[in-house]
Amino acid sequence: MLKAKFFIGTCLIFSIGSFCNAADSSLTSADGAMLKFSSWDQGAAVWKRATFSKMNDSYDLYDNGNKTSVGVGINSDSLSPSKKYALVQRTVFGELSNGQEVVATENNYCDMVSMDTGCVLLSRSAEACSGSWKGGNWLTDGGEVIVPNLETISPNNLIKSVEPINNASAKGLAVKDQLFMGVESYMSCYPASKNVQALNNIGFYLAQAGDDSSALRIYRGIEVVGKRTVLMLNIADSLWNLKETSEAAKYYKKYSDAMIAEGKAGKVPARVAERAK
């Protein structure tokens, strides 16, 4: 028998599914950080957007891509007694083609989010969201004790995991598969100040897979903690691909000037001079 739990709001969740007529809802930490759920999808019975905000910082917890979309849900036990952690049921909607027909797909997960930072600490199968908080840990109905520790793959390990893939686009898609949360949430788990090179590589691989929007957001996070010559080129390329050509030209110019100053003028790609005009 499926066990029912009430959503915060007027919704019911039955194991993996849910239904209700929902308005916007939110979870709030002890220090005022907020996880807000909005854009209710009546047909799928999920919120389509989860936004983390703290002080002047705000971002979407998950990204919706071109071929997949994410829906989220919470229940009455989602927020831990300390208000430091929250459990979010994440549903990934997609399509699978067998060459003759396109079939809708749906995969469900249970994620634990730090209410201090917005970092998605870990992910389990959807059934793990059925349980209760015990002594600061989450005890699932299946008997698993989930400790609120960071399990999300680190930037360095993520890079290592895709290194054997030779095709640049395939490598980028492999990164996207593992980077299931939004890049801002990921960088709240692994700050740019401590992961400059690996995050830059992740951004580059995402750009290679055609996701210049996510790549640029990573580059912007790195740029805040220190400008690097190669970063200027990466930012310029993603801006150019996103049709932000005026701003891209400025970064191409900065990159070219930096390379000339370093005595590396001969290594500047041909596209730089043309696009810097």
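Predicted model: local features only at pLDDT ≥ 70, side-chain atom pairs only at ≥ 80, totals over all residues.
1. Basis. Local features are taken at pLDDT of at least 70 and side-chain atom pairs at pLDDT 80 or more, while totals for chains, interfaces and linings use all residues. Residues are numbered from 1 along each chain as its sequence is written, and side-chain values use heavy atoms, without hydrogens and water.

2. Helix H4. Helices (H or I, at least four residues) and strands (E, at least two) are DSSP runs numbered from the N terminus. H4 covers residues 196–208, 13 residues in total, and spans 18 Å from its first C-alpha to its last, close to the expected 18 Å. The expected span is 1.5 Å times one less than the number of residues. Among its buried residues are Leu199, Ile202, Tyr205 and Leu206; buried means under 20% relative accessible area, exposed over 50%, and partly exposed in between (1.4 Å probe, protein chains only). The buried residues of H4 pack against helices H1, H2, H3, H5 and H6, where contact means heavy atoms within 4.5 Å. Gly210 follows H4 and has a positive phi, near 95°.

3. Sheet S12-S13-S14. These 3 strands form an open antiparallel sheet in that order. The edge strands, S12 (131–134) and S14 (145–146), each pair on one side only. Pairing requires at least two DSSP bridges between two strands; S12 and S13 (residues 137–140) have 4. Trp133 stands opposite Trp138 in S13.

4. Positive phi. Most residues other than glycine have a negative phi. Ser39, in strand S5 (residues 34–41), has a positive phi near 60° and is partly exposed at 44% relative accessible area. Met55 has a positive phi of about 55°. Met55 lies in the loop between S6 (46–54) and S7 (57–60) and is exposed, with 79% relative accessibility.

5. Aromatic contacts. The whole structure has 7 aromatic pairs. Rings of Phe, Tyr and Trp (its six-membered ring) pair if their centres lie within 6.5 Å; planes under 30 degrees apart are stacked, over 60 edge-to-face, and the rest tilted. Trp240 and Tyr252 are edge-to-face because their ring centres are 6.1 Å apart and their planes at 70°. This pair links helix H6, which holds Trp240, to helix H7 (residues 245–261), which holds Tyr252, 12 residues apart. Trp240 is partly exposed at 26%, whereas Tyr252 is buried at 0%. Phe37, Trp40 and Trp47 are linked into a cluster by ring pairs.

6. Charge over a ring. The charged end of Lys254 sits over the ring of Tyr251, 4.7 Å from its centre. The criterion is NZ of Lys or CZ of Arg within 6 Å of the ring centre and within 35 degrees of the ring normal.
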